[in-house]
Amino acid sequence: MVLWSKEQDKLSTDMSTGTEIIEMKKEGAPPAYHQSNGSVHPVILPTDPEERQPNAGEYELTEVTSFSDRPEQESDRTEMVVIDCRANAKGQREEDALLENASQSNESDDTSTDQSPVPPVPLKETSFSIGLQVVFPFLLAGFGTVAAGMVLDIVQHWKVFSEVKEVFILVLALVGLKGNLEMTLASRLSTAANIGQMDTAKEMWKMIMGNLALIQVQATVVGFLASVAAVIFGWIPKGHFKMDHAVLLCASSVATAFIASLLLGLIMIGVIVASRKVGINPDNVATPIAASLGDLITLALLAGISTGLYQQLDYNDYANPLVCVFFIALTPVWILIARRIPSTRELLYSGWEPVIIAMAISSVGGLILDKTVTDPNFAGMAVFTPVINGVAGNLVAVQASRISTYLHMNGLPISEPNPAPQKCPTPCSTFFGSGVNSRSARVLFLLVAPGHLVFLYTINSMRAGHTTLTYVFIAFYLAAALLQVMILLYLADWMVQWMWKRGMDPDNFSIPYLTALGDLLGTGFLALCFHILWLIGDRDTDVGD
C-alpha cells in the first residue's frame, strides 16, 4: 500500500516486503492511505503546528514496509480514518511503478527464504464435475457393499457364527477398519498428492513405505483390541466365556486385520497415483474404492479364517495361539520402518486415539448387530447392514477428505495459540451455503436415495436376504439412510474444522470417528426399522431361505 503523509523523517526505515510509503510534504494536499487496489484512505495527522515539519514543497519518496517498529509516541499522535475514493491517474502510475519494484523485491526475498516447489493449483470443480467424478466410484463401492451384504447373509448361518456369536461383534469392528485405516490412508495420501508431496519418485516411495508400515502396526494392534472388546461384550450378558473361543477370536481378528489392511493399502496407493496422473481428484475416487473392496475383502477373510481356525480347535490346540504370536511378533519390524519416515513417525505416537475410540464405537454397533440378527425374526437385517453403513461411510469420507484438502491447499493456519470462538455451523450453512464444501455436501446427499434404490433392487433381483421389498420397508429404509447421511455430513463439516483449529490433522483424526459413528447410526436405525416393521405387521423372513 502507499501512504501520502505530511510527516517527514518520522517513519521507520526498516524494510520488509509488501508495503510502501510515499511521504507528501505539499501543503493543502489531503493525507491518505493509498491502497494497491486503487482506493485512497485519508490520514488525519496532529493539528498542533509544533508537531509538524516546517518544510513544505516538493514530493519525496521513502520506501518502508512495516508500521510495527514505529516509536510509540508517533503512533499515539497519528489517527487514521478510512474513506474509500478513487486514485487519480498520476497516483495510479506512481503506484504501479512502486508495486513493480516491490514485486521484484518480493520475488528475490522469496527465492532466498523458500526453495520449496510451488504446490499445484487446485482444480476448479462445479457441482456437475463433482457428481461426475463421485458417482461411478460411489456405485462401484455400493455394489461392493451389496456383495459384502450377500456374503454376510450367507455366512451368518455357518457353524462358527452360530457357535461363537461374538464373531458378529468382530464384523463391524473389522469392517470399520477401512474407515480407521484404509480411508484415513487414502485421505492422507490424496492430500499429499494434491499439495505436491508425491511429485518426485523419492518422495512418493518414502510416503508409500512409511504409510504401509504404519497401517500394519495399527491393524495388528486394533485387531487385537477388537477381539478383546468382542470377548468383553460377549461375556457381560452371559457371565462367562470359553478360553478357546477367546483365543479363536484373537487369532481371527489379528490375521484378518493384517491381511486386509495390506491388500487394501496396496490397492489404495495404486488408485491414488493413477488418479493423479490422469487428472482426477483422488479425494473423489480413493475413499469409495477403498470402501467398495474393504467390506467384501474383510468379510470374506474373516469368514474363511475364523472357519478354518474353528475347525482346528478339535485337532490342534496350538494353531490359534501360534497365529496370534506370529502376527504380533511382526509388529516391531513395521514400527522400525515407520519410524524412519518423518511423515509417519509422529503418527506412531499420536495416531492411536482415533482408531481405538472408533473401534470401540464400531464394536457397540457390532453388539447391536449380534443381538438383532441372532433373533430369527430379524434375520433379514444382515444383508442390508453392510450396504447402509458402507454407503454412508463412503460419502462422509469423501466429504471429510475434501474439506481437509481444501484447508491444506488454501494455506490456512493449522492451529492457533488461542483460537477465537466460532459459531457452530448450522445445517443450513452446511447444505445451502455458497462455498465448494456446501456444494459437495449437496451433491453427496442427493446420491443417497437413488443409490440405495439401485442397491435394493440389485439385492432383490438376486433373491438375496430374508425380506421382501415392500413400499413400507423401502420408505422406512430410505428414511433411515437419509437421516444417517444428513447427520454425518453435518458432523463432518463441524468436526474437520474444529480439529483443524486445534492443530489436529483432519486426515488422521476425522474419518475414523465419522465412519465409526456411521456404523453405529446405520446399525441402530436399521434395527429400529426392523422392530417397527415387525410391530406394524410388515413381517417377511422367508425370502432367500
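These numbered points comment on the fold, cores and helix packing of a predicted model.

1. Overall make-up. The chain has 545 residues, and 50% of them are buried. Its secondary structure consists of 20 helices and 6 strands. Taking the contacts with a separation of 6 or more, 84% are between residues 24 or more positions apart.

2. Main core. The largest nonpolar core contains 108 residues. Within this core, F161, V171, F384 and Y477 touch the most other members. Helix α15, residues 381-409, supplies the largest share of the core, with 15 residues. As background, nonpolar side chains tend to be buried together in soluble globular proteins.

3. Surroundings of Y477. Which residues does Y477 contact once its neighbours within four places in sequence are left aside? They are F384, V387, I388, H452, L456 and L526. One of these, F384, is also listed with Y477 among the core residues that touch the most other members.

4. Second core. There is also a separate core of 19 residues, with A192, A193, V271 and V285 among them.

5. Helices α15 and α18. Helix α18 covers residues 448-461, and its axis comes within 11 Å of the axis of α15. The two axes cross at roughly 150°. An angle over 145 degrees counts as roughly antiparallel, so α15 and α18 are described that way. Their crossing is right-handed. On the α15 side, the contact is made by V383, F384, V387, I388, V391 and L395. The residues they meet in α18 are V448, H452, F455, L456 and I459.

6. Helices α17 and α19. How do α17 (residues 436-446) and α19 (residues 471-501) pack, in terms of angle and axis distance? The angle is about 165°, and the axes are 10 Å apart. These two helices are therefore roughly antiparallel to each other. The crossing of α17 past α19 is right-handed. In α17, the residues at the contact are A441, L444 and F445; in α19, they are L482, V485, M486 and L489.

7. Position of L482. This residue belongs to helix α19. Is L482 buried, partly exposed or exposed? Its relative accessibility is 26%, so L482 counts as partly exposed; the cut-off for buried is under 20%. Apart from neighbours within four places in sequence, L482 is in contact with F445, V448 and A449. Of these, F445 lies in α17, while V448 takes part in the contact between α15 and α18. The C-alpha atoms of L482 and H452 are separated by 9.8 Å, and the two residues are 30 residues apart along the chain.

8. Position of S190. Helix α6, residues 177-194, contains S190. With a relative accessibility of 1%, S190 counts as buried, because the limit for that class is under 20%. Not counting residues up to four places away in sequence, S190 touches I272, P282, D283 and A286.

9. Aromatic pairs. How many aromatic pairs does a search of the whole structure find? There are 14. Ring pairs join F258, F326, F327 and W334 into a cluster.

How values were computed
Residues numbered from 1 in each chain as written. Predicted model: local features only at pLDDT ≥ 70, side-chain atom pairs only at ≥ 80, totals over all residues. Heavy atoms only, no water. Core = buried A, V, L, I, M, F, W, Y, C linked by side-chain atoms within 4.5 Å. Buried < 20%, exposed > 50% of the residue type's maximum accessible area, 1.4 Å probe, protein only. Helix = DSSP H or I, 4+ residues; strand = E, 2+ residues; numbered from the N terminus. Contact = heavy atoms within 4.5 Å. Phe/Tyr/Trp six-rings, centres within 6.5 Å; stacked < 30°, edge-to-face > 60°. Axes fitted to C-alpha atoms, helices over the stretch in contact; angles between N-to-C directions. Parallel < 35°, antiparallel > 145°, perpendicular 65-115°, else oblique. Left-handed = near helix turned anticlockwise from the far one by under 90°.
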